Amino acid sequence: MKKIAVLTSGGDAPGMNAAIRAVVRCASSYDIDVFGIECGYEGMLEGNIFPMDNRSVSDTVQKGGTILRTARCPLFLEKEYRQKAYENLLAFGIEGLVVIGGDGSFKGMNSLYQDFGLPCVGIPGTIDNDLAYTDFTLGFDTAVNTVLSAVNNVRDTMTAHNRACIIEVMGRKCGDIAIYSGVAGGAEIVLVPEVPYDIDKVVQTIKYDRIKGKQSVIIILAEGVCSCAELKEKIAEKMDFIQIRTVKLGYIQRGGTPSMADRVFAARCGAKAVELLASNLKESRVVGIKNNKIIDMATEKALAMPSKFDKELYRIASMLAK
Ligand code: ADP
Ligand code: F6P
């Protein structure tokens, strides 16, 4: 294999640039030419394809976002558009593809393989950590650290006023950003879509926290449960003995300089992806991490794995909130 392309797709995540850099730099060690595709599958469809070299990725390892930019492209769900996109790849002689994105991007990549036999490797780039085949996804560690910084700031001011604050975090239907932020940030309450919550129990916990003399109450709410405004309303219907404030962290979780962990993870994934393609891969596979080892598996198998939920960590979060 002498020519490959790389793209970023779906929600961006810190570390994507480190992964792009690893793909480009490792490919040059195998004498493989790399083409960048701008704006994900939308760019593939429009032919926004250009050659990259080691200088193309200079001064990027520390940057959030993605130098290739990203997009969501509903047209890609239709084979006729994938056909046009594939023909654009052929025009550049591209023989393999690296896709950095989440489960939706992997589905698009797998469709390209199924339709046209294009060898592909997926790198799990999403802050949500919602891919069951890998312990972590790229950007998750950085996103949780961003949430922790916000939790610290919020706790300072809530303590000053003896208030409660609901901090809404991202994750789509996955509660991992909330759970990890809750455990690491010392939240009193963590609400996730994987576990139905009882509003009366939430109110009771807040009440006991006040009785125990807590100066502030931090509630971390995964967006897949409900909005922070909705939860505030539900709590306010049940009690008025503490002022409640809300913070929706939103897109600050998606940016920022990637953590060491995400930069190293990105480098390992990029190196593995290139190694697979350089070995003349004839499949669609994804790379990930299990027990700190870089693994790869068929995309179909990875996408078919049931979503994971760390019950033990969720239990610990509850036990620590004393
Ligand atoms: P993420 O990769 O972060 O989960 P999305 O779910 O938006 O983000 O998927 C990114 C893009 O992948 C979509 O905009 C679309 O272009 C493509 N895609 C998603 N699902 C499919 C599918 N089933 N078939 C083909 N392409 C898909
Ligand atoms: O999938 C990553 C993510 O940040 C989710 O956590 C969030 O719900 C979604 O993307 C937001 O999507 P968009 O960037 O299209 O508004």
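View 1. An oxygen atom of ligand 1 is 3.0 Å from an N or O atom in the Asp103 side chain. The model shown is predicted. The backbone of Cys73 also takes part: one of its N or O atoms lies 2.6 Å from an oxygen atom of ligand 1. For Gly11, a polar backbone atom is 3.3 Å from an oxygen atom of this ligand. Taken alone, ligand 1 exposes 550 Å², and the protein buries 84% of that.

**View 2. The shell around ligand 1.** Ligand 1 sits in the largest pocket. Around ligand 1 are 16 residues; Arg72, Cys73, Gly102, Asp103 and Ser105 come nearest. Helix H4 (residues 103-116) supplies the largest share of this shell, six residues. By type, the shell has four nonpolar, eight polar and four charged residues.

**View 3. Polar contacts of ligand 2.** The side chain of Tyr251 has a polar atom 2.4 Å from an oxygen atom of ligand 2. For Glu223, a side-chain N or O atom is 2.6 Å from an oxygen atom of the ligand. For Arg72, the side-chain distance to an oxygen atom of ligand 2 is 2.9 Å, again from an N or O atom. Ligand 2 exposes 400 Å² when taken alone; the protein buries 78% of that.

**View 4. The shell around ligand 2.** Ligand 2 sits in the largest pocket. Its surroundings include Thr126, Ile127, Asp128, Met170, Gly171, Arg172 and Arg254. Three shell residues are nonpolar, two polar and five charged. Domain 1 (3-139 + 258-304) and domain 2 (142-254) each provide at least three residues of the shell.

How values were computed:
Residues numbered from 1 in each chain as written. Chains lettered and ligands numbered in written order. Predicted model: local features only at pLDDT ≥ 70, side-chain atom pairs only at ≥ 80, totals over all residues. Heavy atoms only, no water. Near = heavy atom within 4 Å. Polar contact = N/O pair within 3.5 Å; in protein donor to acceptor, adjacent residues only side chain to side chain. Areas by Shrake-Rupley, 256 points an atom, 1.4 Å probe, with all protein chains shown as cover. 1 Å grid on protein atoms, 1.4 Å probe; cavity = no way out; pocket = protein on both sides within 12 Å on 5 of 7 lines; lining within 4 Å. Sits in = over half its atoms within 2 Å of the grid points. Nonpolar A, V, L, I, M, F, W, Y, C, P; charged D, E, K, R; others polar. Domains from an automatic or database assignment. Helix = DSSP H or I, 4+ residues; strand = E, 2+ residues; numbered from the N terminus.
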